[in-house]
Amino acid sequence: MSTMQHERNCMVAQSGGPTVAINASLAGVISGVTKSGQYDTVYGSINGILGILHDNIMNLSELVKKQPDALSTLTHTPAMYLGSCRFKLPDFLDDDSAYIYIFQQFEALNIKAFFYIGGNDSMDTVLKLSNYAKKIGSDIRIIGIPKTIDNDLMETDHTPGFGSAAKYIASSILEIAHDTFIYAVKSVTIVEIMGRDAGWLTAASALARNEYSTAPHLIYLPEVAFDKDAFLRDVKELLETTNNVIVAISEGIHDADGNYISASESSTDTFGHSQLSGAGKCLEYMIKENIHVKVRSVEVNVLQRCASHLSSKTDLDESFLLGEKAVACAEEGLTASMVTLKRTSNTPYQVSYGHARIESIANEAKSVPTEWISEAGNDIREPLLDYLRPLIQGEVPVTYKNGLPMYMNVSHLSNSKPLN
């Protein structure tokens, strides 16, 4: 790799779990660099930080020049155009070999700013790279751009990707309710929603309620200990007055001792997080054994984070502007920071764009406030609905080809070699 020594370039990468809005932030970065008076070219690292370590880099500025509609298409494309990884950088005090190589790559490409789009674990990478840059006296600006459907990053009102996932969850719960209404038999439907430690996305299921449907009838978040006996009692009481009970649960619900209510909890990822599955199935078995009514569990799984056809316009617009904001922060000389959203008004809904130091964000998690959860721990309160409603507003036009949504070509990901 080589470049003219007088150029000032940027690099961007994506990491962690995907959302339907993370590519909007990527498009925002490319747009910001295109408009920039300080930066010439923006490079993309394939598969997060691993792309730098494996010399797998693409020129995003050239891509935009060749495809005039690339930014628009990219903004509406699900998942991660640059691919992802879940790679945990070691402490450079223990092993700095990866850091040495990364910064050598930066130097070779004249990288003056590095943008990392991701969630909690990605901000850990931003913190470590920032600390190493400070140690060696590097002037490279390192900026985090938030994304996560979990909505659990500190210092920002909400995270890009969450609003679209919330819109999908609420829509799906409403559709499930319609599906259950058709049978005049007693039934229980349990919907398992992503969220290991924070219940924001599960809470969004309450947005499905309307003038004719109160589903979900019960909501259980990881912020409150799950009580099996109370759960069974709640369901039995509801079945006395309604045929169809719909329950929304977070995958990370746990008992008072901190044990996850899941059918499988045998492995952890590289960041030490339990790999959860089966909480919904576990509750399904509880109902079968104790109440003996028709019951099914639905694990929404990856659908909630890749349904671009049902994305929130508010979410995509904010995500794009945060990408541009990150470039502006780098131009101002900021580093070791993450760009943020601050809600300045709820009615009408308005936000401002800012930044916060990465030290107060990395390895921290924002939970649903307990005062926004019902005293019984099986529902949410109105202030949480007021917080959620603006985030799902606005519909995004979808471009179709041969009857299917048209997205960016990501064959550069499927054809790449596995990274071991």
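## A guided tour

Select Asn110. Asn110 is buried, because its relative accessible area is 7%. Buried means under 20% relative accessible area, exposed means over 50%, and partly exposed lies in between (1.4 Å probe, protein chains only). The model is predicted: local features need pLDDT of at least 70 and side-chain atom pairs pLDDT 80 or more, while totals for chains, interfaces and linings use all residues. Residues are numbered from 1 along each chain as its sequence is written, and side-chain values use heavy atoms, without hydrogens or water.

Stay on Asn110. Its phi is positive, about 55 degrees, although Asn110 is not a glycine. Asn110 sits in the loop between H5 and strand S4 (111–118). Helices (H or I, at least four residues) and strands (E, at least two) are DSSP runs, numbered from the N terminus.

Now jump to Asn402. Phi of Asn402 is also positive, near 55 degrees, in a residue other than glycine. Is Asn402 buried or exposed? Asn402 counts as exposed, at 77% relative accessibility. Look for Asn402 in the loop between strand S12 (400–401) and strand S13 (404–405).

Select helix H5 (residues 97–108) and helix H6 (residues 120–136). They pack at an angle of about 80 degrees, and their axes are 11 Å apart. Axes are lines fitted to C-alpha atoms, for helices over the stretch in contact, and angles run from 0 to 180 degrees between N-to-C directions. H5 and H6 are therefore roughly perpendicular to each other. Angles of 65 to 115 degrees count as roughly perpendicular, under 35 as roughly parallel, over 145 as roughly antiparallel and the rest as oblique.

Show the side chains. From H5, Tyr99, Ile100, Ile102 and Phe103 meet Lys128, Leu129, Tyr132, Ala133 and Ile136 of H6. Contact means heavy atoms within 4.5 Å.

**A helix inside**

Next, select helix H1 (residues 22–35). From first C-alpha to last, its 14 residues reach 20 Å, close to the 20 Å expected at 1.5 Å a residue. The expected span is 1.5 Å times one less than the number of residues. How many residues of H1 are buried? The number is 12 of the 14, so H1 is largely enclosed by the rest of the structure. Among them are Leu26, Val29 and Ile30.

From Ile30, go to Val64. Val64 is in helix H3 (residues 60–66). Val64 touches Ile30, Ala70 and Leu71, not counting residues up to four places away in sequence.

Move to the loop between helix H8 (200–203) and strand S7 (218–220), where Ser213 is found. Ser213 is buried, with a relative accessible area of 3%. Beyond its neighbours within four places in sequence, Ser213 is in contact with Ala177 and Phe181. A polar atom of the Ser213 side chain lies 3.3 Å from the backbone nitrogen of Ala215.

Step along to Pro216, in the loop between H8 and S7. The peptide bond from Ala215 to Pro216 is cis, with omega near 0 degrees. Then select Thr347 and Pro348: the peptide bond between them is cis, with omega near 0 degrees. Pro348 lies in the loop between S10 and strand S11 (349–357).

**Last stop**

Select Glu332, in the loop between helix H12 (313–331) and strand S10 (337–346). Glu332 counts as exposed, at 57% relative accessibility. Glu332 and Arg141 are 191 residues apart in sequence and 9.6 Å apart in space, C-alpha to C-alpha.

Terms used:
A polar contact is a pair of N or O atoms within 3.5 Å; within protein, one must be able to donate a hydrogen and the other to accept it, and residues adjacent in sequence count only if both atoms are side-chain atoms.
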